[in-house]
Amino acid sequence: MLAKLEQLIGEVRVLQSKLVLLIGSHHSGKTALLHTLAQINAVTPLNVGAELGGRLTGMPQRQRHLETSTILRELANQHATSDLLLLDNIELLFDRSLQLDPLDLLKH
């Protein structure tokens, strides 16, 4: 699976939309695979659930959907040390209360 992901990363660099989603059931090893991929590419994955969730926690509920994309962009810029950005635990982006289009947000 790791070899397949590395191949996809190489292929996606030439595409207009540079998004690869790794989907699997709970405890299927997605995070471990992502961290191995991060080590190979010398990058640090962004734990969206922990970092974005931490930033949104102190914010009023009605303001969260307005700030989420800005905060995520800031976090991504902090973690994007190369042309590869690895995001882990993105479930928070699918929370209905945030009123987001998570796939569109991830593409941008």
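Is H27 buried or exposed? H27 counts as exposed, because its relative accessibility is 73%. The cut-offs are under 20% relative accessible area for buried and over 50% for exposed, with partly exposed in between (1.4 Å probe, protein chains only).

## Model and confidence

This is a predicted model, in which local features need pLDDT of at least 70, side-chain atom pairs count only at pLDDT 80 or more, and totals for chains, interfaces and linings use all residues. Residues are numbered from 1 along each chain as its sequence is written, and side-chain values use heavy atoms, with hydrogens and water left out.

The protein chain has an average pLDDT of 86. That score is the predictor's confidence in each residue, from 0 to 100. At least 70 is reached by 94% of the residues. Among the elements, helix α3 (residues 48-57) has the highest mean pLDDT, 95. Helix α1 (residues 2-12) has the lowest, 75. Helices (H or I, at least four residues) and strands (E, at least two) are DSSP runs, numbered from the N terminus. Where pLDDT is low, the predicted coordinates should not be read in detail.

## Nonpolar cores

The largest nonpolar core has 13 residues. A core here is a set of buried Ala, Val, Leu, Ile, Met, Phe, Trp, Tyr and Cys residues joined through side-chain atoms within 4.5 Å. V48, L52, L56, I71, L72 and L93 have the most contacts inside the largest core. Helices α3, α4 (61-79) and α5 each supply at least two of its residues. In soluble globular proteins, nonpolar side chains tend to be buried together.

L56 is in contact (heavy atoms within 4.5 Å) with R64, T68, I71, L92 and L98, leaving aside neighbours within four places in sequence.

T68 lies in helix α4. It is buried, because its relative accessible area is 0%. Not counting residues up to four places away in sequence, T68 touches L52, L56, L93, L98 and L100. L22 is 46 residues from T68 in sequence, and their C-alpha atoms are 22 Å apart.

G53 is found in helix α3. At 17% relative accessibility, G53 also counts as buried. G53 touches V48 and L92, with residues up to four places away in sequence not counted. R64 is eleven residues from G53 along the chain, and their C-alpha atoms are separated by 10.0 Å.

## The salt bridge

How many salt bridges does the structure hold? It holds one. The criterion is a side-chain nitrogen of Lys or Arg within 4 Å of a carboxyl oxygen of Asp or Glu. The partners are E74 and R55, and their closest N and O atoms are 2.7 Å apart. E74 lies in helix α4 and R55 in helix α3, so the pair ties together parts that are 19 residues apart in sequence.

Both partners are partly exposed. E74 has 34% relative accessibility. R55 has 36%.

L21, I23, F94 and L103 form a nonpolar patch on the surface. Together they have about 410 Å² of accessible area. Such areas come from the Shrake-Rupley method with a 1.4 Å probe; for residues, only the protein chains shown count as cover. Patches are made of residues with over 30% relative accessible area and no salt bridge: like charges are joined within 9 Å, nonpolar side chains (Val, Leu, Ile, Met, Phe, Trp, Tyr) within 5 Å.

L103 is found in helix α5 (residues 102-107). At 38% relative accessibility, L103 counts as partly exposed. P102 lies in helix α5 too, but P102 counts as buried, at 11%. P102 touches L93 and F94, not counting residues up to four places away in sequence. L87 is 15 residues from P102 along the chain, and their C-alpha atoms are separated by 13 Å.

## Positive phi in two loops

H27 is found in the loop between α1 and α2 (30-41). Its phi is near 65°, a positive value in a residue other than glycine.

N89 has a positive phi of about 55°, although it is not a glycine. N89 is placed in the loop between β2 (87-88) and α5. With a relative accessible area of 29%, N89 is partly exposed.
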